[in-house]
Amino acid sequence: GWKLVSPLAKPKGACTDEDARSVFDEIDCDGDGHIDMEDLRAYLGDRVGYGEREIARFFARAAETSRGNGTAVLPSVIDFDAFREHFALLNAACISDREEETFWRMPGSIHGLQFCLEDLRNCHVRACDVMDQTFVDHCRGCRVLLGPSTASTFVRDCSDCVFWIATQQLRTRDCRRCRFYLYSATEPVIEASADLVFCPWTAYYPLCGEQFRRAGFDPSRNFWNAVFDFTPAEQGRCNWAISSYPECECLALAFDQVDAEGQQVRPDCPLPTLSHELLCAPPLKSEESPGRRLPGMPQAKPPPPRPPPSGALPKVLAECDVVDAEASALPTGVDAAGAGPDSRDGGTPAPALAPLTPTAPPVPAQRRSGKVFGQTGGVDGGVGCAAGAALKVARAQGRKDVVRLGPPSGGPIGSVALRAAQNALTGTAPAGRGGDSAAAHTPPTRASGVSLASLRRQYAPTPQAE
């Protein structure tokens, strides 16, 4: 069961004051004209499927607008005027003109609609949902995952980017120095592009295999290396190459996702495990070639990658979307809340933190007002990310030693944060939202679970023999 279409799914520039008022009133359950961070997290995270960092960043910006002149401390609530001023930043269908920011779209947040990224600089995007036609334009230095697109994916005028893309067909134009971890149901087409690198899709996240099935993708029919170049280089040079095995990256994304039976869904990938042999495999042939029969357009093919040294492995990046405790307990200042740049190193593996246990009960998405935002039926009903559970427990215990968690910042992890995340997900400690009446919390204890470090180990391919 798909969720209803998000009220935030609007064409660029189409958001109106009436749209803002409708969403604000839905978030403001008690009708007092103000919303706090927990209200916003319950709606944007638990219901709509946005990431924690984006939610904290939006609240910080709106709180800054609400702060009066000469006031040193950010307010703990925002009013409609502040919400409306920044409302366009919450567009679910288009992320535009942003720099050094991180965006997550959980399963069910895009609803199979068209999706657009444009004018992004050094941003991270993790769009873990099925979508229609997709456009990526004018992006620089970004790292982007796009879930299955049932139509074409257009990547135009992008440079120095890394993409994980699953699509019916990939089409690039005017791209430079980009890397594609690709599933394509038909031959990819490149045009006026150079220094591109191709590899098979290597991403794992909850419901990935289910989304491939819904999109009608056959994991055994991946045309990732059947690239057709409409503007081939002269003298036999090739505008694209195949990555070597050690230079590949496997991406494992962790977030809280339950199935129809309430069981935790683990990250999965329906495609064959990455190997040197897979990288050297000949491209598949299709009767629906985009242009191979056109005369006068010879195709240069790149050489196969060299055999890797013995024991060589690709990098495994394990990520989850988490903000620090200070950001979750505004007001503390714009920087602590994540309004400033939050994507600095672009590829640092995440430290170990939030576990994913198959038998863990779903974390309830309970608001102060008693209204529940959460799963709305079917496997695509989300309950937000595991980050929220850890932060709720840490706040309820009055702990202040929780520091920034997870990529892309790659900061250290407080032991209390790790235990809180484990306890919240395994049910060994209460996980109430701030403001809920709850019994006193006992000191957290180390619970069994799967950390992001173990995710990196689990999804690491087998070392290749020399």
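Trainee: What should I know about the model before I start?

Mentor: It is predicted, so local features need pLDDT of at least 70 and side-chain atom pairs count only at pLDDT 80 or more, while totals for chains, interfaces and linings use all residues. Residues are numbered from 1 along each chain as its sequence is written, and side-chain values use heavy atoms, with hydrogens and water left out.

Trainee: How many helices and strands does the protein chain have?

Mentor: Helices (H or I, at least four residues) and strands (E, at least two) are DSSP runs, numbered from the N terminus. Here the protein chain has 10 helices and 18 strands.

Trainee: What percentage of the residues count as buried?

Mentor: Buried means under 20% relative accessible area, exposed means over 50%, and partly exposed lies in between, using a 1.4 Å probe and protein chains only. By that rule, 57% of the 466 residues in the protein chain are buried.

Trainee: How do I read strand pairing?

Mentor: Two strands pair if DSSP finds at least two bridges between them. Take strand S9 (residues 162–173): 9 of its 12 residues are buried, so the rest of the structure largely encloses it.

Trainee: Which strands are joined to S9 by bridges?

Mentor: Strand S8 (residues 143–156) runs parallel to S9, with 10 bridges between them; Val155 stands opposite Thr172 of S9. Strand S10 (residues 179–184) is also parallel to S9, joined by 6 bridges, and there Val162 faces Arg179 of S10. Strand S11 (residues 189–191) pairs with S9 in the parallel sense over 3 bridges, with Arg173 opposite Glu191.

Trainee: And where do the side chains of a strand point?

Mentor: In a regular strand the side chains alternate between the two faces of the sheet.

Trainee: What is the strand order in the open sheet of 4 strands?

Mentor: The order is S17-S13-S16-S18, and the pairing is mixed. Strands S17 (267–268) and S18 (315–319) stand at the edges with a single partner strand each, so one side of each has no neighbour in the sheet. Strand S13 (residues 203–206) and strand S16 (residues 249–253) pair in the parallel sense over 2 bridges; Ala203 has Leu251 in S16 as its bridge partner.

Trainee: Is Arg98 buried or exposed?

Mentor: Arg98 is buried, at 7% relative accessible area, and it lies in strand S3 (residues 94–99). A contact means heavy atoms within 4.5 Å. Leaving aside neighbours within four places in sequence, Arg98 is in contact with Arg61, Leu89, Phe103, Asp119, Leu120, Arg121 and Cys123.

Trainee: What about loops: where is Glu100 found?

Mentor: Glu100 is in the loop between S3 and strand S4 (102–105). Its phi is near 50°, a positive value in a residue other than glycine, and at 23% relative accessibility Glu100 counts as partly exposed. Arg177, in the loop between S9 and S10, has a phi near 55°, again positive in a residue other than glycine. With 44% relative accessibility, Arg177 is partly exposed.

Trainee: Which residues lie nearest the centre of the largest pocket?

Mentor: On a 1 Å grid over the protein atoms alone, a pocket is an open set of points where a 1.4 Å probe fits, with protein on both sides within 12 Å along at least five of seven lines; lining residues have an atom within 4 Å of a point. In the largest pocket, lined by 14 residues, Ser220, Asn222, Trp224, Leu278 and Leu284 lie nearest the centre.
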